[in-house]
Amino acid sequence: MVSYPARGVIRPVMNLIKLKEFSILKQLYLEEKLLRSSSENWCIINNGTKQPTIVMGVSGRPSELVNINSVIRDQIPVIRRFSGGGTVIVDNGTIFVTLICNKDDIPGLQPYPRPIMSWTGQFYGEVLREFGDFHLRENDYAFGSRKFGGNAQSITKNRWVHHTSFLWDYDVSNMDYLKLPMRAPEYRSARSHVEFLCRMKEILPSKSTFIEGTIETLGSHFSVRPIQSNAATNLSNISHPPSTRLLTRPELEQALLSASENSDTNSSIYAVP
Amino acid sequence: MALKLWASSTANALKIACGSSRTPFPAFSRCFSNVLDGHKYTSSHEWVKHEGSVATIGITDHAQGHLGDVVFVELPEPGTSVKQGAGFGSVESVKATSDVNSPVSGEVVEVNTKLTETPGLINSSPHEDGWMIKVRPSSPSELDSLLGPKEYKKLCEEEDAH
């Protein structure tokens, strides 16, 4: 059951930043800064990012997750973000929603991955209750058994970030840049990207239905305070060295080389003399 | 720059005996968490064992049960300075990175490199084989401000009662 502030209790403030086609790399830098340098709650909603970009989790290895030759050839940026979880390719059809919260501002919520995942899953269940067969499936957001949103978290002593990339739409050809992950949820059942994913635009009438619905549900839990989008630029000036990184071409080439050397080593072990 | 210890753990990481990793959503473990005498504890669920000039640090059984299967560990390099209450690294579990904070200030003298290939040691043996760093404390009196086993156990019980 999602917990609400008790009647008469003042809801904690949630600063809301709405962006459009903001760079996902800059968004992740901003999130890290707000997580570690702010004591306030923040919700960032970014309607798309202009350039198709691959975003891996903190432990992601390009050689295992990405078709590096194609990525280098087509100059697709590859980011390693500060949170956990898997790999996505995002573009202007992706809607990003990020919650950055003080652990004590949601009554009874313990700052661990599964309780946070449960709370946010129920939050989006409220947003989407009139549309489709919404499920939190093994930590993914799905309509039925088809994933439409990937999420991840980063938890500090007193605060946490939960961020989601929602597939409003996606370019099927972009999926070719990603390998099938070694660590995959059971419900994926070895399906290809196309068979596993679904587009939100097939379920909801418009992006604004989802975005405004999210903001309305946010208002049930928090006192929402809109922040001017140009303030995001000012917030970006807060000094904090990010751990989120854009991988360089030499790093990608090295990953390709290492993968190829490992492959040669494995082949030689089993080679018939 | 932090030394990144890459994980090659599979989904079949070792489970702890009390089975808290099998607790369904919303997950908080009501099983008994192992709290050892001879250790001191923080309210953010790290333990420290001070022997001679070295303090060994890790996360508690309570913490690993709540975090789930650890698949990746990020630790500092030897020689790095750590500060009481500040983060020195992180663990990844269930799509989340969680900061690990140092119970004491000092200099990192050793890092548990076994966590590179076997991050699940944090789940299976959080107080022994799953230790994370060893520190030469700069202010041993900081240990006096930490929780003893009884106080820490009470904290865990109070948190899980919510």
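User: Which residues does Thr120(A) contact, leaving aside neighbours within four places in sequence?
Analyst: In this predicted model, Thr120(A) is in contact with Leu99(A), Tyr141(A), Trp160(A) and His162(A), with neighbours within four places in sequence left out.

User: OK, and is Thr120(A) buried or exposed?
Analyst: Buried: the relative accessible area of Thr120(A) is 0%.

User: Where is Thr120(A) placed, by the way?
Analyst: Thr120(A) is in helix α4 of chain A, which covers residues 113–127.

User: Switching to Thr217(A), where is that?
Analyst: Thr217(A) belongs to helix α6 of chain A, residues 207–221.

User: What does Thr217(A) touch beyond four places in sequence?
Analyst: Phe123(A), Glu126(A) and Val127(A) are the contacts of Thr217(A) there.

User: Why does Thr217(A) count as buried?
Analyst: Because its relative accessible area is 9%, and buried means under 20%.

User: New topic: what does UniProt place at Lys95(B)?
Analyst: The unreviewed UniProt entry has "modified residue: N6-lipoyllysine" at Lys95(B). Lys95(B) is in the chain B loop between β7 (87–93) and β8 (96–101).

User: Buried or exposed, that Lys95(B)?
Analyst: Lys95(B) counts as buried, at 16% relative accessibility.

User: Which residues does Lys95(B) touch?
Analyst: Not counting residues up to four places away in sequence, Lys95(B) touches Gly84(A), Gly85(A), Met117(A), Asn139(A), Asp140(A), Asn151(A), Ala152(A) and Gln153(A).

User: What does the Lys95(B) side chain reach at 2.8 Å?
Analyst: The backbone oxygen of Asn139(A).

Definitions and conventions: Residues numbered from 1 in each chain as written. Chains lettered and ligands numbered in written order. Predicted model: local features only at pLDDT ≥ 70, side-chain atom pairs only at ≥ 80, totals over all residues. Heavy atoms only, no water. UniProt positions renumbered as here; feature names shortened; annotations may be inferred. Helix = DSSP H or I, 4+ residues; strand = E, 2+ residues; numbered from the N terminus. Buried < 20%, exposed > 50% of the residue type's maximum accessible area, 1.4 Å probe, protein only. Contact = heavy atoms within 4.5 Å. Polar contact = N/O pair within 3.5 Å; in protein donor to acceptor, adjacent residues only side chain to side chain.
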